[in-house]
Amino acid sequence: MDTILSDIEVSVLMPAYNRESYIESSIKSILDQTFKNFELLVLDDGSTDGTIETILSFNDPRIRLIRNEKNQGIAFSRNRLFEEARGLYYVLLDSDDIAMPNRIELQMKFLKENKDTLLVGTPCIAIDQNGDYIKSTWAFLQKRPTDPMEIKATLLFRNCFYQSSIMINAQLLRDEKYDLEFPPFEDFEFWARLALTHNLVNMETPLIEYRFHPQNISHTTNEPFKFQLNNTIISREFIHYFNYQPTEQELFVHGVWQFYSYKVGYDFLKESSAWLKKLMKLNASKSRFSDKTFLTVLKRNWFDRCWHHLNKGNAFTACYFLFYSPRISLNDMRLFLYLAIKGVYMGVTGKK
């Protein structure tokens, strides 16, 4: 397994911790790629189950096993993989997700044709712990932005990348690393920081299967802590793009809609509308994003907020969506009808 390959073009980086149930499928999905000139670095972060035995069961010279002497955490492990990688491009894949057969080929072609792009991600197909597809209305509504400037603006509100879908131009990345202080938001912090100075892109075609299961790190961390990390990331972006430090209340309104443990009433939607309108004026004064791009991102965020509010049990959210919308368009009527129908369904059945 440790045979050294020459002229490696791609390094696939796979951290693993207690993933004996899933890692075999993840490794196979890389070995079955249409593109063959890669090394697969699998880093075991102190697993206590059969993860290492599963890795060692493969007999392929492209696989290189690396071990942390003790559990160091995901950000530390990702940084160590960067240090060990020898390829010109880095492919990220978590040890519970699956890469489509032509994933490396298509993403590398994209980066070679777009030499000013630091990294490229893709949408995902959601699967459960058994590998079965998950049908999700929300995944359909929440389209991933593809344009670099729209991505920069979107990162002011939320993460818009699946970490397992990322391919990086290593020459542009240079010595940038994950910040050890931000798990489980180390990926969001990393993309937001890189976007300040580089172009980041999403392709339109899903090239990974992303597995949702109870052990996902992002599902097991307490929300107040994640909210604090989110505010730190957002504040840095506002200072960079607008030279503006949001107040504590503005940060609360800006980010709390993503966290289900916080209870907010209908007044929150009014505050959200006022805040988004303030952001429109702030961008207009600084001209960091085109009006069209920034409005697209704001309108998507407004729908996100109303959708989450509806799912918290507020059946009349559709009326607020329409009345307090930052700017009404014909497309908003379609979304209004969607929210209204769901609200009526909730009112009749009592189900969310």
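Leaving aside neighbours within four places in sequence, Y262 is in contact with P224, F227, F252, V256 and K312 (contact means heavy atoms within 4.5 Å). Y262 lies in the loop between α10 and α11. Its C-alpha atom is separated by 8.7 Å from that of E223, 39 residues apart along the chain.

This is a predicted model, in which local features need pLDDT of at least 70 and side-chain atom pairs count only at pLDDT 80 or more, while totals for chains, interfaces and linings use all residues. Residues are numbered from 1 along each chain as its sequence is written, and side-chain values use heavy atoms, with hydrogens and water left out. Helices (H or I, at least four residues) and strands (E, at least two) are DSSP runs, numbered from the N terminus.

## Helix packing

Two helix pairs are described here. The table gives their geometry. Axes are lines fitted to C-alpha atoms, for helices over the stretch in contact, and angles run from 0 to 180 degrees between N-to-C directions.

| Helix pair | Angle between axes | Distance between axes |
|---|---|---|
| α9 (residues 223-242) and α10 (residues 248-255) | about 110 degrees | 10 Å |
| α11 and α12 | about 170 degrees | 11 Å |

On the α9 side, F227, N230, N231, I234, S235 and F238 take part. They meet L251, F252, H254 and G255 in α10. By class, this contact has five nonpolar, five polar and no charged residues. Here Ala, Val, Leu, Ile, Met, Phe, Trp, Tyr, Cys and Pro count as nonpolar, Asp, Glu, Lys and Arg as charged, and the others, Gly among them, as polar.

The contact of α11 with α12 divides into 12 nonpolar, five polar and two charged residues. From α11 come Y266, F268, L269, S272, S273, W275, L276, L279, M280 and N283. From α12 come D291, F294, L295, L298, N301, W302, R305, C306 and H309.

## The loop between α11 and α12

S287 is found in the loop between α11 (266-286) and α12 (291-311). Its phi is near 55 degrees, a positive value in a residue other than glycine. At 59% relative accessibility, S287 counts as exposed. The classes are buried (under 20% relative accessible area), exposed (over 50%) and partly exposed (in between), with a 1.4 Å probe and protein chains only.

## Aromatic pairs

The structure holds 27 aromatic pairs. Rings of Phe, Tyr and Trp (its six-membered ring) pair if their centres lie within 6.5 Å; planes under 30 degrees apart count as stacked, over 60 as edge-to-face and the rest as tilted.

Y178 and W191 form an edge-to-face pair, 6.3 Å centre to centre with 70 degrees between the planes. This pair links distant parts of the chain, 13 residues apart. Y178 is in the loop between α7 (170-173) and α8 (186-195), and W191 is in helix α8. Y178 is buried, with a relative accessible area of 4%. W191 is buried at 0%.

F289 and F294 form a stacked pair, because their ring centres are 5.6 Å apart and their planes are at 10 degrees. F289 is buried at 4% relative accessibility, and F294 is buried at 2%.

Ring pairs also link F82, Y90, F161, Y178, F190 and W191 into a cluster.

## Charges over rings

The charged end of R78 sits over the ring of Y178, 5.9 Å from its centre. The charged end of K312 sits over the ring of Y260, 5.9 Å from its centre. The criterion is NZ of Lys or CZ of Arg within 6 Å of the ring centre and within 35 degrees of the ring normal.

α8 is mostly covered, with 10 of its 10 residues buried. Among them are E186, D187, E189 and R193, as well as F188, F190 and W191.

P184 is found in the loop between α7 and α8. The peptide bond from P183 to P184 is cis, with omega near 10 degrees.

N18 has its place in the loop between β1 (10-16) and α1 (23-31). Phi of N18 is near 50 degrees, a positive value in a residue other than glycine. N18 is partly exposed, with a relative accessible area of 25%.
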